[in-house]
Amino acid sequence: MNHSLIDEAVVNIQNTPSHSPALLSFLPVLASKWIAPVLWALIRKSPLSFQEIRSEIGPITNTTLSKTLREMELEGLIQRISTEAETKPDFDNMDFEELPVGQPTQKPSGLYKPTQIGIEFSTVLVPLLQWATKYRIQQYGTGHKR
């Protein structure tokens, strides 16, 4: 076992309070199954629409992706760029006779891109992914899925 690595970990742990509010508040984000895949998809290609993100990351329900995107936006990891303003009628400047009646309403469309915070967060995730991959292979071999 590498003692310098253990010594470094001990120093880092001693200098970090275990009850750090910042860390405790961010652990659920770190534990989320879909945040890393969504973030990496957006870093590789952005901006992306909802459906483009879904195609990039694999089997995820619309509900789960929508919830993940909202959470990521609230955490400041991504930014949603609304494109609905281009097609939305200007109701304030229309006469009553001009109001659209019986037309189907469209869901607001938008594009998503990573923020600077999201890009910085992805750099923290890379070593975690490397560690997790190494651990999983050591523990279970290459074919284990959990």
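Guide: A salt bridge is a side-chain nitrogen of Lys or Arg within 4 Å of a carboxyl oxygen of Asp or Glu. This model is predicted, so local features need pLDDT of at least 70, side-chain atom pairs count only at pLDDT 80 or more, and totals for chains, interfaces and linings use all residues. Residues are numbered from 1 along each chain as its sequence is written, and side-chain values use heavy atoms, with hydrogens and water left out.

Visitor: What makes lysine 45 and glutamate 56 a salt bridge?

Guide: Their closest N and O atoms are 2.8 Å apart. The limit is 4 Å, so the pair qualifies. The structure holds one salt bridge.

Visitor: Where in the chain do lysine 45 and glutamate 56 sit?

Guide: Lysine 45 is in the loop between H3 and strand E1 (48-49), and glutamate 56 is in helix H4. Eleven residues apart, the two link distant parts of the chain. Helices (H or I, at least four residues) and strands (E, at least two) are DSSP runs, numbered from the N terminus.

Visitor: How many helices and strands does the chain have?

Guide: Six helices and three strands. In sequence order the pattern is α-α-α-β-α-α-β-β-α.

Visitor: Why is lysine 45 called partly exposed?

Guide: The relative accessible area of lysine 45 is 44%. Buried means under 20%, exposed over 50%, and partly exposed in between (1.4 Å probe, protein chains only). The value of 44% lies in between, so lysine 45 is partly exposed.

Visitor: How do you know whether glutamate 56 is buried, partly exposed or exposed?

Guide: Its relative accessibility is 29%, so glutamate 56 counts as partly exposed.

Visitor: What makes leucine 77 buried?

Guide: Leucine 77 has 0% relative accessibility, so it counts as buried. This residue lies in the loop between H5 and strand E2 (78-82).

Visitor: What does leucine 77 touch, beyond its neighbours within four places in sequence?

Guide: Its contacts are Phe26, Val29, Ile35, Leu39, Met72, Pro114, Thr115, Ile117, Gly118 and Phe121. Contact means heavy atoms within 4.5 Å. Take isoleucine 35: it is 42 residues from leucine 77 along the chain, and their C-alpha atoms are separated by 9.2 Å.

Visitor: Why is H4 called roughly perpendicular to H5?

Guide: Helix H4 (residues 50-57) and helix H5 (residues 62-74) pack at about 110°, with axes 11 Å apart. Angles under 35 degrees count as roughly parallel, over 145 as roughly antiparallel, 65 to 115 as roughly perpendicular and the rest as oblique. That makes H4 roughly perpendicular to H5. The axes are lines fitted to C-alpha atoms, for helices over the stretch in contact, with angles from 0 to 180 degrees between N-to-C directions.

Visitor: Which residues make the contact of H4 with H5?

Guide: Phe50, Gln51, Ile53, Arg54 and Ile57 of H4, and Asn62, Leu65, Ser66 and Leu69 of H5. By class, five are nonpolar, three polar and one charged.

Visitor: What makes H3 roughly perpendicular to H5?

Guide: The axes of helix H3 (residues 35-44) and H5 cross at roughly 75° and come within 10 Å. That angle makes H3 roughly perpendicular to H5. Ile35, Val38 and Leu39 in H3 meet Leu65, Thr68, Leu69, Glu71 and Met72 in H5. The contact has six nonpolar, one polar and one charged residues.

Visitor: How do you know how H3 and H4 are oriented?

Guide: Their axes cross at roughly 110° and come within 9 Å. So H3 is roughly perpendicular to H4. Pro37, Val38, Ala41, Leu42 and Arg44 of H3 meet Ile53, Glu56 and Ile57 of H4. Here six are nonpolar, none polar and two charged.

Visitor: Why is isoleucine 119 called partly exposed?

Guide: Its relative accessibility is 34%, so isoleucine 119 counts as partly exposed. The residue is in helix H6 (residues 116-140). Isoleucine 119 touches Ile43 and Pro114, not counting residues up to four places away in sequence.

Visitor: What kind of peptide bond joins serine 46 and proline 47?

Guide: A cis bond, with omega about 0°. Most peptide bonds are trans. Proline 47 is in the loop between H3 and E1.

Visitor: How many of the 146 residues count as buried?

Guide: The share is 19%.

Note on methods. Ala, Val, Leu, Ile, Met, Phe, Trp, Tyr, Cys and Pro count as nonpolar, Asp, Glu, Lys and Arg as charged, and the others, Gly among them, as polar.
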